[in-house]
Every structure is written in C-alpha cells, then in structure tokens.
Amino acid sequence: LFAEFYNAWSSMIYVIIGIYVIKKFSKDIYIVAVGLWLVAIGVGSFLFHATMRYAFQLTDELPMVGLVTTLVLAKTSSSHSEFVKKYATWIRVAICVQAIALVAVYAYFDLYEIFLHGFTFMVLNDAAMGWYLRQSGPNLTLRRRTNLLGLVLIILGKTFWEVENHLCSSHPG
C-alpha cells in the first residue's frame with residue numbers, strides 16, 4: 001500500500017510543526033509563510049514517500065525551495081545590519097531569481113542533482129546571511145557557537161542526504 005511506510009508517516013511531523021508555528025506566531029507574515037511551507041513539505045513528502053511518483057517528488061522538493069526562499073526574505077527585513085538594510089531589495093531579487101531558476105532548470109532537465117546542489121547552495125546562502133546577521137550584539141559567544149552548530153548540522157544533513165541517495169540508487173527495490 002505504501003512504497004515507504006515509515007518515511008511517509010514520519011513526514012507528518014512537518015505538518016504538525018507547521019500548524020503549531022502558524023497558530024503560535026500568526027502575527028508575523030514570514031513565520032506564517034514558514035509554517036505554510038512546512039505543511040506543504042509534510043504533505044508533499046507524505047505523498048511522495050507513499051507513492052514514489054515523480055509528480056509527488058516535486059510536491060516534496062519544491063516547497064523546500066519556497067521555505068528557504070522565505071527564510072532569506074525574512075532576514076532581509078532585519079534592522080541589525082546597515083548592509084542588509086541598504087541591499088535588501090537586491091538580496092530579495094537575487095534569492096527569488098535563484099529559486100525560480102532552480103525550479104525551472106530542475107523541472108526542465110529532470111535531474112535530481114540539479115535540485116540537490118541548487119538547494120544546498122540556497123541553504124548555504126541562508127546560513128551565511130544568518131551568520132552575518134549574528135556577528136554583533138549581545139551574547140556574541142553564544143551566537144558564534146550557534147552559528148558553528150548550524151554549519152555542522154547543515155554539513156551532516158547534506159552528507160546523510162547524499163549517502164541515502166547513493167545507497168538507494170545502488171539498491172533498487
């Protein structure tokens with residue numbers, strides 16, 4: 001009945017967290033958008049892992065691009081950096097162009113590696129912007145440790161994702 005039973009059902013955690021975020025932080029448009037993207041990722045991931053159909057693979061992956069785009073757009077409204085305030089419009093345009101280009105090229109060429117590397121690049125952009133915005137202010141030591149932990153988690157996540165993809169492709173089921 002399910003192609004990947006546990007992967008499908010574990011995707012529902014995104015839906016639960018997304019709904020919680022929307023209810024808890026309903027006054028911030030960016031946070032509501034993040035909650036909506038999490039719900040979309042959860043539903044899309046559930047459908048993909050339940051069926052393993054390409055159309056549903058896109059409903060899993062494309063909301064991930066929307067989520068990271070939203071996270072970067074939210075950071076452009078930060079008042080903590082004169083640089084970000086000065087170049088906010090350019091940063092917004094750049095991240096939106098990057099997201100649209102990634103989706104278009106991925107959909108056209110239908111190569112998972114395009115998505116994988118393009119999405120990783122977007123996540124690194126988001127992490128770099130977060131890192132930059134946390135370089136001043138109170139609790140600088142804690143901010144730097146948090147930045148380092150975030151970078152380590154991104155690298156670990158990317159590594160596990162790559163390993164899973166290589167193992168899955170070498171053991172067709």
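This is a predicted model: local features need pLDDT of at least 70, side-chain atom pairs count only at pLDDT 80 or more; totals for chains, interfaces and linings use all residues.
1. Trp-9, at 43% relative accessibility, counts as partly exposed, where buried means under 20% relative accessible area, exposed over 50%, and partly exposed in between, taken with a 1.4 Å probe and protein chains only. Residues are numbered from 1 along each chain as its sequence is written, and side-chain values use heavy atoms, with hydrogens and water left out.

2. A search of the whole structure finds eleven aromatic pairs, a pair being two rings of Phe, Tyr or Trp (its six-membered ring) with centres within 6.5 Å, counted as stacked when the planes are under 30 degrees apart, as edge-to-face when over 60, and as tilted for the rest. Among them, Phe-2 and Phe-5 have ring centres 5.4 Å apart and planes at 90°, so the pair is edge-to-face. Phe-2 is partly exposed at a relative accessible area of 27%, and Phe-5 also counts as partly exposed, at 41%.

3. The rings of Trp-9 and Phe-46 are likewise edge-to-face, because their centres lie 4.9 Å apart and their planes stand at 70°. Trp-9 belongs to helix α1 (residues 5-10) and Phe-46 to helix α3 (residues 29-51), so the pair ties together parts that are 37 residues apart in sequence; helices here are DSSP runs (H or I, at least four residues), numbered from the N terminus. Phe-46 counts as buried at 17% relative accessibility, whereas Trp-9 is partly exposed. Phe-2, Phe-5, Tyr-6, Trp-9 and Phe-46 form one aromatic cluster.

4. By the rule applied here the count comes to two salt bridges, each requiring a side-chain nitrogen of Lys or Arg within 4 Å of a carboxyl oxygen of Asp or Glu. In one of them, Lys-75 pairs with Asp-126, the closest N and O atoms being 2.6 Å apart. Since Lys-75 lies in helix α4 (residues 54-75) and Asp-126 in helix α6, the pair ties together parts that are 51 residues apart in sequence. Lys-75 and Asp-126 are both buried.

5. The other salt bridge joins Glu-82 and Lys-85, whose closest N and O atoms are 3.0 Å apart. Glu-82 and Lys-85 are separated by about one helical turn, because they stand three residues apart in helix α5 (residues 82-109). Glu-82 counts as exposed at 58% relative accessibility, while Lys-85, at 43%, counts as partly exposed.

6. Leu-124, Trp-131, Leu-148, Leu-149, Leu-151, Val-152, Leu-153, Ile-155, Leu-156 and Phe-160 form a nonpolar patch on the surface, with about 930 Å² of accessible area together. Patches are made of residues with over 30% relative accessible area and no salt bridge, like charges being joined within 9 Å and nonpolar side chains (Val, Leu, Ile, Met, Phe, Trp, Tyr) within 5 Å; the areas come from the Shrake-Rupley method with a 1.4 Å probe, and for residues only the protein chains shown count as cover. The elements giving two or more residues to this patch are α6 (112-133) and α7 (140-170), and the largest share, eight residues, comes from α7. Ile-155 has its place in helix α7 and is partly exposed at 49% relative accessibility; its C-alpha atom is separated by 9.7 Å from that of Leu-124, 31 residues apart along the chain.

7. The second largest pocket holds about 230 Å³ of space. On a 1 Å grid over the protein atoms alone, a pocket is an open set of points where a 1.4 Å probe fits, with protein on both sides within 12 Å along at least five of seven lines, and lining residues have an atom within 4 Å of a point; grid points are joined across faces, edges and corners, and the volume is the space filled by probe spheres set on the points. The pocket is lined by 14 residues, of which Ala-127, Arg-134, Gly-150, Leu-151 and Ile-154 lie nearest its centre. Helices α6 and α7 each supply at least two residues of the lining, the largest share, seven residues, coming from α6. Leu-151, in helix α7, is partly exposed at 35% relative accessibility, and Leu-151 is also named in the nonpolar patch.

8. Two backbone angles deserve a look. Met-52, in the loop between α3 and α4, has phi near 60°, a positive value in a residue other than glycine, and is partly exposed at 39%. Asp-110, in the loop between α5 and α6, has phi near 55°, again positive in a residue other than glycine, and is partly exposed at 43%.
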